[in-house]
Amino acid sequence: MGRSALWGLLIGTVLMSVLFLFGFAIPTSVGESGASVAASLVASGILGVVMGGVPGTLIGLVVGAVRRPRQALPPPRPPQLLPPAPPPPNDRWSAMVARCELSVSRVRAAVNTIPPSPARQWFERIAAQFDGELADVRRMAHLGRALDGGQDHPVARRLAAAVRDFTAFEDEVGRVALRMFDQPSLEEARVHLEVLEQQLPNLGNG
């Protein structure tokens, strides 16, 4: 930008000095002495600086500002990734919950092997109730983990009993599902399904 201002000063001064010199000083200096001509040259130079150099400098500053390369913007920062979720706790509480989840998964698989029938629909309702008990199992495990209870803690004993109930119910579902392969009538299957429904773990009332 400084170089543009300097060039503006120089060009403006020269142009206005030449204009004043040839437009005013030379026609009036014919027949005058050398001192008068020199004075005219000095006067033209001063007027050239004032009338041409100053505006030329301003114009040079403007041109330099326009031509100055803009500073490159810094590259955008990559989006900050959220830290990965902590892995689920791997303790005895989780192990007991996983065993109950396994029983629920096996019961679902057993129900899927039963041929479509009203008995299967009843079986599916029982399996859905069994699935709903997992919520209480997980809450119980959270409670035991929060209290950091030992094996003799009431929460630990309650959860261990739930694991036994889930495992026993899984075995009973297998025996009843095996009877369904003979496609008994609903009346014949009713007795087994009613007994199975009564054996559902019910942790909410335990």
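What follows is a tutorial dialogue on reading helices, aromatic pairs and the nonpolar core in a predicted model.

Me: Let's start with helix α4. How many residues does it have, and how far does it reach from its first C-alpha to its last?

Reply: Helix α4 covers residues 118-132, so to speak a run of 15 residues, and it reaches 22 Å from end to end, counting C-alpha atoms. At 1.5 Å a residue you'd expect 21 Å, so the span comes out close.

Me: And which residues of α4 are buried?

Reply: General idea first: an α-helix has 3.6 residues a turn, so residues three or four places apart point the same way. Now the case here: A119, R120, W122, F123, I126, A127 and F130 are the buried residues of α4. Look down the axis of α4 and those buried residues fall within an arc of 155°, so they line one face of the helix.

Me: What covers that buried set of α4?

Reply: The cover includes α3 (92-112), α5 (134-147), α6 (154-180) and α7 (186-198).

Me: What sits over the ring of W93?

Reply: That would be the charged end of R92, 4.4 Å from the centre of the W93 ring.

Me: Now the aromatics. How many aromatic pairs does the structure hold?

Reply: The structure holds 2 aromatic pairs. In one of them, F130 and F166 are 4.7 Å apart centre to centre, with 40° between the planes, which makes the pair tilted. F130 is in helix α4 and F166 in helix α6, 36 residues apart, and the pair links these distant parts of the chain. F130 and F166 are both buried.

Me: What about F130 and F169: how far apart are their ring centres, and at what angle are their planes?

Reply: The centres of the F130 and F169 rings are 4.7 Å apart and the planes are at 45°, so this pair is tilted. F130 lies in helix α4 and F169 in helix α6, so the pair ties together parts 39 residues apart in sequence. F130 has 0% relative accessibility and counts as buried, while F169 is buried at 1%. F130, F166 and F169 form one aromatic cluster.

Me: Which residues does F166 contact beyond its neighbours within four places in sequence?

Reply: Its contacts are C100, S103, V104, F130, E133, L134, V137, P201 and L203.

Me: How many residues are in the largest nonpolar core, and which have the most contacts inside it?

Reply: In soluble globular proteins, nonpolar side chains tend to be buried together. Here the largest nonpolar core has 35 residues, and F123, L159, F166 and L193 have the most contacts inside it. The elements giving it two or more residues are α3, α4, α5, α6 and α7. The largest share, 11 residues, comes from α6.

Key: Residues numbered from 1 in each chain as written. Predicted model: local features only at pLDDT ≥ 70, side-chain atom pairs only at ≥ 80, totals over all residues. Heavy atoms only, no water. Helix = DSSP H or I, 4+ residues; strand = E, 2+ residues; numbered from the N terminus. Buried < 20%, exposed > 50% of the residue type's maximum accessible area, 1.4 Å probe, protein only. Arc of directions from axis to C-beta. Contact = heavy atoms within 4.5 Å. Phe/Tyr/Trp six-rings, centres within 6.5 Å; stacked < 30°, edge-to-face > 60°. Lys NZ or Arg CZ within 6 Å of the ring centre and 35° of its normal. Core = buried A, V, L, I, M, F, W, Y, C linked by side-chain atoms within 4.5 Å.
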